[in-house]
Amino acid sequence: MSTRPLIGVPCCSTDINDRPAHWVAEKYLVAISDAAGGMPMPIPALADRLDVADIVSRLDGLMLTGSRSNIAPLRYGGPPDPPDGAIEDAAARLGALART
């Protein structure tokens, strides 16, 4: 029996009905499952509460979706974050991923 590779997908954080929530678009999970044959694993936006190195050690891969809340524009030469603070930089939150 072969094991499907475990692919992490950082979640976005938002408020739904005034309650904090973590989400990732289904299209990314389906792409990992159906097109890549992997097992999608959403990673909550809780890097300050999770051992990121431990998470990475369990993954076979990582998908960065490029969502507004995943990559701050300044990381790729874009404009500064908007004043409303809508951009949450998962690259900063999960920066340890690149170093493991």
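The model is predicted. It holds 4 helices and 5 strands. Of its 100 residues, 31% are buried.

**Overall layout**
- Read from the N terminus, the elements follow the order β-β-β-α-β-α-β-α-α.
- Take the contacts between residues at least 6 apart in sequence: 56% of them join residues at least 24 apart.

**The parallel sheet**
- Three strands build an open sheet in the order S4-S1-S5. The pairing in this sheet is parallel.
- Strands S4 (39-43) and S5 (61-62) stand at the edges. Each has a single partner strand, so one side of each lacks a neighbour in the sheet.
- Strand S1 covers residues 6-10 and pairs with S5 over 2 bridges, in the parallel sense.
- Within S1 and S5, Ile7 stands opposite Gly61.
- In general, the strands of a sheet pair through backbone hydrogen bonds, in either a parallel or an antiparallel manner.

**The helix across the sheet**
- Helix H1 spans residues 26-35 and lies across S1 and S4.
- The angle between H1 and S4 is about 150°.

**The hairpin**
- Strand S2 (residues 12-16) and strand S3 (residues 19-23) run antiparallel. They are joined by 5 bridges.
- Ser13 has His22 in S3 as its bridge partner.
- S2 and S3 form a hairpin, with 2 residues between them.
- Asn17 sits in the turn and has a positive phi of about 50°.

**The salt bridge**
- The count of salt bridges comes to 1.
- This salt bridge links the side chains of Arg58 and Asp54, at 3.1 Å from N to O.
- Both residues lie in helix H2 (residues 52-58). Arg58 and Asp54 are 4 residues apart, about one turn of the helix.
- Is Arg58 buried or exposed? Its relative accessibility is 57%, so Arg58 counts as exposed; the cut-off for exposed is over 50%.
- Asp54 has 31% relative accessibility and therefore counts as partly exposed.

Terms used
Residues are numbered from 1 along each chain as its sequence is written. This is a predicted model: local features need pLDDT of at least 70, side-chain atom pairs count only at pLDDT 80 or more; totals for chains, interfaces and linings use all residues. Side-chain values use heavy atoms; hydrogens and water are left out. Two strands pair if DSSP finds at least two bridges between them. Contact means heavy atoms within 4.5 Å. Axes are lines fitted to C-alpha atoms, for helices over the stretch in contact, and angles run from 0 to 180 degrees between N-to-C directions. A salt bridge is a side-chain nitrogen of Lys or Arg within 4 Å of a carboxyl oxygen of Asp or Glu. Buried means under 20% relative accessible area, exposed over 50%, partly exposed in between (1.4 Å probe, protein chains only).
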